Structures are given as C-alpha cells and as structure tokens.
Amino acid sequence: MNETNLERYRAAWQGGQNFGKRPLDPEAIEAVLRKESKNITQQFRIGLLMDMVLKSLSAAALAGLLYLFRDNTILAWLNGIVLAFTLFLAYTQWKTLQDVPRPGIAGDSLRDCLELMIRFYRSRYIRALYAAAVSASLVFYIGMLYYSWFKYGGIRQLDGTDYAVFIGGLLLAFVFNAVAQRWQTAFHVRELEFCLQDIDSDALTEQRVRERRFKRMKQILAWLVCAVLGVLLLAYFIAR
C-alpha cells in the first residue's frame with residue numbers, strides 16, 4: 001500500500017471519528033432549535049391536556065359520590081364543594097392551555113419566542129403546575145370514598161387515626177405530585193434556556209443534539225416511574 005492510499009484511509013478514518021462532532025451551520029442550528037422548542041412546548045401542552053382529562057373524570061366520579069351519599073348532608077355539601085372546585089381548576093387549566101406560547105408566535109425571531117416561552121413557564125405556568133398537583137389529592141379523596149361505600153355501604157365510624165391517615169394522604173399526594181411537577185417543569189425550562197444559549201453558539205453539533213434528546217427520554221422515563229410509584233402509594237393509603 002503506497003503512502004497516498006495510506007493517507008487517504010487515515011483521513012477517511014478520522015472523518016468517521018469526527019462524524020456528528022462538527023459544528024452545525026447557522027441555518028441548521030436555527031432549524032434544530034425551532035424543532036427542539038416545538039417538542040418541549042408539545043410536552044407542556046400534553047401535560048395540561050392529560051390533567052384536564054383527569055379532572056373531567058374526577059368531576060364525573062364526584063357526581064357519582066353526590067348521588068351515593070345524597071342522604072349524608074355533610075358529605076353531600078363537601079362533595080358539592082369539591083366538585084365545583086374541580087371544575088374551576090379544569091377551567092383554569094383550559095385557559096392556561098390557550099395561553100401556552102407556541103414557537104413562531106413572536107414573528108420570525110427565535111430568540112424572542114424562546115424568551116417569551118421561558119417567562120411564561122417561570123410565572124404563569126407555575127399556577128397550572130400546582131393546579132395539576134391537586135389532581136393527586138382528588139384521586140385519593142375519591143378513591144377513599146368509593147372504597148368506603150363499596151366495603152361498608154357508607155362511612156364507618158372514624159377515629160383519630162383514620163382522620164390522620166386521610167388528611168396525611170391528601171397532603172402527601174399533593175406534595176409528591178407537586179415536587180414531581182416542579183422537577184419536570186424545571187428540566188424543560190433549562191432545555192429552553194440551553195436553546196436560547198445555542199442561538200449564538202457556533203459549537204452546536206449533531207452529537208450534542210442527540211445527547212440532549214436521550215437525556216430528555218431518560219427524564220420522561222424517570223417521571224413515569226415517579227407517577228407509578230405515586231399511584232401505588234395512593235392505593236396503599238386508600239386500602240388501609
């Protein structure tokens with residue numbers, strides 16, 4: 001093998017080693033960042049839609065409780081208040097969904113769009129986050145009452161321990177869900193901030209984009225694991 005061929009093969013091997021590590025050109029960077037911001041926004045919208053569905057199902061379940069406990073004046077009033085509160089939260093989530101910034105709404109300026117999105121998720125979306133966290137407490141409340149109805153035919157005589165478990169379960173469900181929601185939201189906001197930083201960067205590579213997408217998939221998987229653990233924990237408290 002002559003020296004010319006050897007140099008050619010060496011250059012090809014080095015090119016393969018550096019594949020994906022070369023900086024993207026400005027047009028490619030903007031296209032990638034627009035796609036990334038669109039994907040992140042889509043995840044926020046899906047989260048709001050799922051919470052609206054959960055609250056709608058909760059409202060239907062509460063309507064059933066109103067009928068089952070119609071002879072219990074205190075529970076009838078309590079269930080009516082919780083139902084009204086649930087519908088109010090579902091409405092606020094719908095309003096938030098309408099106001100979620102979408103990529104491109106700030107004209108052709110990607111920077112303005114990202115800055116608007118970051119401000120929104122740091123302020124307005126925080127209220128929606130805590131409204132979503134209430135859903136876990138609603139599931140616990142509804143589950144406890146249905147469990148009591150089907151097992152005892154109503155509300156059995158409760159003692160101090162029962163009240164402590166009930167109140168503790170409501171609070172724990174809210175706190176657990178709120179922490180998970182804050183964690184997930186903070187992660188996505190950091191992703192938007194990275195996109196904003198990358199606008200002026202000339203070092204964004206395909207490999208870095210793939211690494212971020214892989215990290216996002218791991219984050220989604222971790223969130224799903226937390227959700228499953230939360231459901232199991234709620235089931236444990238309900239069955240006590």
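Me: What counts as a helix here, and in which helix is the place of Ser135?
Reply: Helices are DSSP runs of at least four residues, numbered from the N terminus. The model is a predicted one. Under that numbering, Ser135 has its place in helix H5.

Me: Is Ser135 buried or exposed?
Reply: Buried means a relative accessible area under 20%, and exposed means over 50%. The relative accessible area of Ser135 is 1%, so Ser135 is buried.

Me: Which residues does Ser135 touch, not counting those up to four places away in sequence?
Reply: A contact requires heavy atoms within 4.5 Å. With residues up to four places away in sequence set aside, Ser135 touches Asp51, Leu54 and Lys55.

Me: How many helices and how many strands does the protein have?
Reply: Along the sequence, the pattern reads α-α-α-α-α-α-α. The count is zero strands and seven helices.

Me: What share of the residues in the protein is buried?
Reply: The protein has 240 residues. Those counted as buried have under 20% relative accessible area. Their share of the protein is 37%.

Me: What is Leu48 in contact with, leaving aside its neighbours within four places in sequence?
Reply: Leu48 is one of the members of the largest nonpolar core that touch the most others. Leaving aside neighbours within four places in sequence, its contacts are Gln93, Thr96, Leu97, Val100, Tyr125 and Ala128.

Me: Are H4 and H6 roughly parallel or roughly antiparallel to each other?
Reply: Residues of H4, including Leu114, Met117 and Tyr121, meet residues of H6, including Val189, Leu192 and Leu196. The two axes come within 10 Å and cross at roughly 160 degrees, and the crossing is left-handed. Angles over 145 degrees count as roughly antiparallel. H4 and H6 are therefore roughly antiparallel.

Terms used
Residues numbered from 1 in each chain as written. Predicted model: local features only at pLDDT ≥ 70, side-chain atom pairs only at ≥ 80, totals over all residues. Heavy atoms only, no water. Helix = DSSP H or I, 4+ residues; strand = E, 2+ residues; numbered from the N terminus. Buried < 20%, exposed > 50% of the residue type's maximum accessible area, 1.4 Å probe, protein only. Core = buried A, V, L, I, M, F, W, Y, C linked by side-chain atoms within 4.5 Å. Axes fitted to C-alpha atoms, helices over the stretch in contact; angles between N-to-C directions. Parallel < 35°, antiparallel > 145°, perpendicular 65-115°, else oblique. Left-handed = near helix turned anticlockwise from the far one by under 90°.
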